[in-house]
Amino acid sequence: MDKLSKSQKDEYATSYAILALYDGGAEVTAEQITALLEATGNTEVEAFYPIIFANYLNDPATLGKLIATPGAGSGGSGGGGGGGGGGGDGGAAEEEEEEEEEEEEAEMGGGMDMFGGDDGGDY
């Protein structure tokens, strides 16, 4: 946690508060999030985080959908899918795509130069 910036810590604290409210069956509002943050000692979270998160995640169906499909959120700090999203599989998929591109380039290089000759030209 020491390597996280203040904004990342604020986002995590707010996210966990929302998950706790959702899990407890409580309504997800900015006031509820703020109250839970204060109750857990997270009093330095910027005031706009609960408002922004509550506006997006106040519908239990939306929140349930985001929980059920990890990586589909627009979350914050990540290279893959936003936010976050990344897991261990993201790097493997990127590596696989790079290999395919290299294979395609290698296949195109044989036999013909850019001026239409078959032997590669005599430069």
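Colleague: Which residues have the most contacts inside the largest nonpolar core?
Modeller: I18, V28, I33 and L37 do, in a core of 14 residues. A nonpolar core is a set of buried Ala, Val, Leu, Ile, Met, Phe, Trp, Tyr and Cys residues joined through side-chain atoms within 4.5 Å. Buried means under 20% relative accessible area, exposed over 50%, partly exposed in between (1.4 Å probe, protein chains only).

Colleague: Which helices supply this core?
Modeller: α1, α2 and α3 (48–57) each supply at least two of its residues. Helices are DSSP runs of H or I, at least four residues, numbered from the N terminus.

Colleague: What kind of model is this?
Modeller: It is predicted: local features need pLDDT of at least 70, side-chain atom pairs count only at pLDDT 80 or more, and totals for chains, interfaces and linings use all residues. Residues are numbered from 1 along each chain as its sequence is written, and side-chain values use heavy atoms, without hydrogens and water.

Colleague: Back to L37. What does L37 touch?
Modeller: A13, T14, A17, N42, T43, V45 and P50, leaving out residues up to four places away in sequence. Contact means heavy atoms within 4.5 Å.

Colleague: New topic. Where does T29 lie?
Modeller: T29 sits in the loop between α1 (6–23) and α2 (30–39).

Colleague: Why does T29 count as buried?
Modeller: Because its relative accessibility is 19%.

Colleague: And which backbone nitrogen lies 3.1 Å from a polar atom of the T29 side chain?
Modeller: That of Q32.

Colleague: Now Y22. Where is its place?
Modeller: Y22 is in helix α1. With a relative accessible area of 33%, Y22 is partly exposed.

Terms used
A polar contact is a pair of N or O atoms within 3.5 Å; within protein, one must be able to donate a hydrogen and the other to accept it, and residues adjacent in sequence count only if both atoms are side-chain atoms.
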